[in-house]
Amino acid sequence: KREFRGAWIHTVGQSRYMEMNRDAMQDYFDQMLDSLQHIGINAVIFQVRPTADAFYRSELEPWSKYLTGKQGVAPEPLWDPLQYMIEQCHARNMELHAWLNPYRVGTNADEPLAASHIYHKHPEWFVRYGRQLYFDPGLPECRRFIGRVVDDIVSRYDVDAIHMDDYFYPYPIAGSEFPDENSYARYGNGMDRGDWRRENVNALIKELHKIIKSRKPWVRFGISPFGIYRNQKTDPLGSNTNGLQNYDDLYADVLLWAREGWIDYNIPQIYWEIGHKAADYETLVKWWATHSENRPLFIGQSVPKTVQFADPQNSSINQLPRKMALQRAYQTIGGSCQWPASAVVENAGKYRDALVAEYHKYPALPPVFDFM
C-alpha cells in the first residue's frame, strides 16, 4: 500500500532548459510529470539550487544560469519554476522535494558570477578547488547563510521536503588538498582535520534540521549520500567494498545524522551493478538495510547502469528484476528513487515499460513518517 517511488529531475548542466522559453519549459515539465504519474512515481525530487543560484524567486541568490543561460537574468516572461512544479506535482498527487546543493558555487570557477551573488559581498567565504568554487564548510558564516536559504524556501513554498544529495566536501582530486587551511587554523581547536571537517558538516545538517522543524515541522529533510559509507578495510563495521567513502573522503557521517534524528530519510545512491568488483549492488543494499538506524531508507537506483548490465544468471534480461527483488526483500527498505527521471520517461532499456507492467503496476501512497 505504501512505498516511496521517487525520481530525480536535475537542472545542473542542463543546456536544454536554457534554450526553452516559459511555455516550452512548462510543456516539458507537464509532459514529464504526466509520464511519471503514469509510471507510478509518487515523489519528485527537483533540483532548485544547483550552484548557489535559484530556480525560484529569491532575495538571497540570483536566478540560475541553467534556467535562462545567464546567472542573475530573470526568466522572461517572469515565472517561478519551483512554485509551478509544486502546483503541478500536487495536482497529480505527487510530493515535491526541493533539492539543494549546499556548498557548490560554480562548476567552473572562471565563469563570472552575477553581480547580486553573495560571492561579491563576501569573497572570503569561498575557496577554489580544482576548477570549481565552493563555500568553505569550515566557516560558521557559510553555514548561517545556507540556513537562511533553506529557511527562505521552507517558509515561502509548500514543499514536502528539503533534499540534499552526495556533494558535501567535494570529491577529492588526486594530489590536491582541499584549501581550508585558513578556516582550520581559525576554528580547528587542535582537532584532527578529518574530524573537524566532519564536525562542520554535522553542524550544518543539525542546524538545517532545526530550521526546517521550527518553521514547518511536517516538512522532511532527506539526504541522498554516495553509496558507500565506509569500506571494511577502514572500519570493520563497513561494507565489503573498495571505493570512495562518505565518512573519510566527503566527511559526511550519514549514519550519525540518521541515529541522531537530524535527517528524516536516507536514499543512498547504489548506482553500481550486481557483481561490480569494488561496489557490488547486492552487498550494498544488504549493508544499508542493516544500518538504517531507525530512519526511513530508500534505494537510489541508476536507470542507465541497471539496463546496461545483464542479470548474472540470465544474460537475456537486464538487472532490474533482480535489483527490485533485492530492494523489496528487506523490511527496513521502504522504496526507491530513480536517477535520472528523464531516462525513465525516455524508456531506456524498456525500464519504464517494466515499472508500468510489473513493479509499479498498482499505485502506492508515500510512506508515513510516524515519528514526525
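**Aromatic pairs, strand order and helix packing**

F4 is buried, and so is Y265, where buried denotes a relative accessible area under 20%, exposed one over 50% and partly exposed the range in between (1.4 Å probe, protein chains only). The model is predicted, with local features requiring pLDDT of at least 70 and side-chain atom pairs pLDDT 80 or more, whereas totals for chains, interfaces and linings use all residues. Residues are numbered from 1 along each chain as its sequence is written, and side-chain values rest on heavy atoms, without hydrogens or water.

Because F4 belongs to strand 1 and Y265 to strand 9 (residues 265-266), the pair ties together parts that lie 261 residues apart in sequence; helices (H or I, at least four residues) and strands (E, at least two) are DSSP runs numbered from the N terminus. A further pair is formed by W8 and W339, whose ring centres are 6.4 Å apart and whose planes stand at 70°, so the arrangement is edge-to-face. With W8 in strand 1 and W339 in strand 13 (residues 333-339), this pair therefore connects parts that are 331 residues apart in sequence. Elsewhere, ring pairs join Y103, Y129, Y134, Y169, F178 and Y251 into a cluster.

For R220, the charged end sits over the ring of F369 at 4.5 Å from its centre, and for R295 it sits over the ring of F371, at 3.9 Å from its centre.

Strand 10 (residues 297-302) is mostly covered, with 6 of its 6 residues buried. Burial extends to both faces of strand 10, with L297, I299 and Q301 on one side and F298, G300 and S302 on the other. Strand 10 runs parallel to strand 13, to which it is joined by 5 bridges; strands are taken to pair when DSSP finds at least two bridges between them. In this pairing, S302 stands opposite W339 of strand 13, the residue that also forms the ring pair with W8.

An open sheet of 3 strands shows the order 4-6-5 with antiparallel pairing. Strand 4 (104-106) and strand 5 (126-129) form the edges and have a single partner strand each, so one side of each lacks a neighbour in the sheet. Strand 4 is paired with strand 6 (residues 132-135) in the antiparallel sense over 2 bridges, and R104 is found opposite Y134 of strand 6. Y134 is also among the members of the aromatic cluster.

In helix 4 (residues 81-91), the buried residues are P81, L82, Y84, M85, I86, Q88 and C89. The elements covering these residues include strand 1 (4-9), helix 2 (22-39), strand 2 (43-49), helix 3 (65-68), strand 3 (95-100) and helix 6 (140-156). The N-terminal end of helix 4 is capped by D80, a side-chain oxygen of which lies 3.1 Å from the backbone nitrogen of L82. Helix 4 is followed by N93, which has a positive phi, near 60°.

Two further residues were examined individually. R193 is located in helix 8 (residues 193-215) and, at 24% relative accessibility, counts as partly exposed. Residues up to four places away in sequence being left out, R193 touches E177, F178, D180, E181 and Y184, with contact meaning heavy atoms within 4.5 Å. The C-alpha atoms of R193 and K70, which are 123 residues apart along the chain, are separated by 37 Å. Q269 lies in the loop between strand 9 and helix 11 (281-290), and is buried, with a relative accessible area of 9%. With the same exclusion of residues up to four places away in sequence, Q269 touches D165, D166, S224, P225, F226, G227 and G300. Between the side chains of Q269 and D166 there is a polar contact of 3.3 Å, that is, a pair of N or O atoms within 3.5 Å in which, within protein, one must be able to donate a hydrogen and the other to accept it, residues adjacent in sequence counting only if both atoms are side-chain atoms.

Technical notes
Phe/Tyr/Trp six-rings, centres within 6.5 Å; stacked < 30°, edge-to-face > 60°. Lys NZ or Arg CZ within 6 Å of the ring centre and 35° of its normal.
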